[in-house]
Amino acid sequence: MASQLGVNDHHQESLVNYMRFSRYKRSQNLRGVEGCFQDLKDSRLTEDTFTADEVTDMLDGLEAVVRGEVESELINTAHTNVLLLRQLFQQAEKWHLKLIADISELENRELIEMIADFEESQFSGKAMTGKPTFEMKRLDPMAGEGEQLLHAEIARLSEENKKMKERLKQVEARATGALEERSRMAADLHSTQDELGNLRSRKPVKDSGDLSELENQMSAVKSQMEKNLQLSSQKADTLEGDLVQTKHKLLEMQEQLEMTEKELEKKFSQTGAYKNLKSMLSKKNDQIKELRSRLRTYEPDD
């Protein structure tokens with residue numbers, strides 16, 4: 001909601017604080033000027049009568065002192081204003097904005113009188129003579145670049161999302177292959193164990209030596225298959241870790257997209273481009289939700 005100065009309440013409070021600071025500095029400057037005159041009175045006005053040359057000399061000296069005092073304070077005020085503008089510009093640059101200042105408005109007498117009236121009402125308790133109507137022209141702080149930056153950010157996130165989808169497919173394929181290999185090796189091991197049991201039951205006692213040799217061979221095969229099965233399990237665990245990392249990356253992307261969406265809503269909520277960009281972000285969020293749903297299929301059971 002716009003306040004008396006045509007800005008929101010937070011910004012008006014900042015302006016009032018700056019006015020309070022300026023009033024303090026102004027009172028200090030006036031005291032400095034008064035001190036120059038008092039010094040002249042105390043140091044030079046000791047006689048009852050003065051010649052024209054003496055008066056001229058005193059006034060010239062007073063002029064030099066007052067001029068130096070006023071010039072110093074004016075320079076300090078200008079530098080203080082530059083520091084204030086620097087703060088505003090730095091805040092704008094964090095959001096990739098370019099502020100535009102209309103210097104000609106600084107000499108608008110009507111607006112200056114409104115500001116003076118507002119200051120008087122704030123610090124002296126007097127009511128304003130009339131409600132100010134600050135209908136200054138609106139300046140576009142984004143200079144057409146904000147929308148481009150958001151489009152570029154969305155394009156970057158979309159490209160990263162595409163890469164993550166491709167990586168997810170690869171990890172899914174590797175995980176599926178590892179699971180199939182582990183199942184196949186486990187089946188082979190069980191089949192070998194069953195076959196060994198059958199041989200034991202069918203072989204006669206006289207062939208115990210051959211049976212022992214066969215058992216040794218089967219044990220070696222079993223050991224190798226168990227080793228391969230363990231490696232396959234480790235590989236599957238590694239792939240599961242990759243899936244978890246992929247999920248975390250997708251969650252980070254979702255957070256970035258949500259932040260971009262919030263930023264977009266702040267800057268373009270009153271423009272036609274806002275609706276189109278918001279639709280694009282919604283589609284990206286839907287894609288991420290689908291990827292998360294697919295990732296849950298490969299998560300280990302608790």
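Which of the elements of the protein has the lowest mean pLDDT, and which the highest? In this predicted model, local features need pLDDT of at least 70 and side-chain atom pairs count only at pLDDT 80 or more, while totals for chains, interfaces and linings use all residues. Residues are numbered from 1 along each chain as its sequence is written, and side-chain values use heavy atoms, with hydrogens and water left out. Helix 5 (residues 208-268) has the lowest mean pLDDT among the elements, at 70, and helix 2 the highest, at 91; pLDDT is the predictor's confidence in each residue, from 0 to 100, and helices are DSSP runs of H or I with at least four residues, numbered from the N terminus. Over residues 136-144 the pLDDT is below 50, and this stretch has 17 contacts in the model beyond near neighbours in sequence, a contact being heavy atoms within 4.5 Å. For the protein, the mean pLDDT is 76, with 75% of the residues reaching 70 or more.

Helix 2 (residues 52-94) contains leucine 85, which is partly exposed with a relative accessible area of 42%; in this scheme, buried means under 20% relative accessible area, exposed over 50%, and partly exposed in between (1.4 Å probe, protein chains only). Together with Leu84, Leu88, Phe89 and Leu99, Leu85 makes a nonpolar surface patch of about 390 Å². Such patches are made of residues with over 30% relative accessible area and no salt bridge, with nonpolar side chains (Val, Leu, Ile, Met, Phe, Trp, Tyr) joined within 5 Å and like charges within 9 Å; a salt bridge is a side-chain nitrogen of Lys or Arg within 4 Å of a carboxyl oxygen of Asp or Glu, and accessible areas come from the Shrake-Rupley method with a 1.4 Å probe.

The 15 residues of helix 3 (residues 109-123) should span 21 Å at 1.5 Å a residue, in agreement with end C-alpha atoms that are 21 Å apart, the expected span being 1.5 Å times one less than the number of residues. Buried in helix 3 are Leu111, Met114, Asp117, Phe118, Glu119 and Ser121, and the buried residues of this helix pack against helix 1 (9-43).

Asparagine 161, in helix 4 (residues 145-202), is buried with a relative accessible area of 1%. Leaving aside residues up to four places away in sequence, asparagine 161 touches Leu250, Met253, Lys284, Gln287, Ile288 and Leu291. Glutamine 256, placed in helix 5, is partly exposed, with a relative accessible area of 30%.

Terms used: Helix = DSSP H or I, 4+ residues; strand = E, 2+ residues; numbered from the N terminus.
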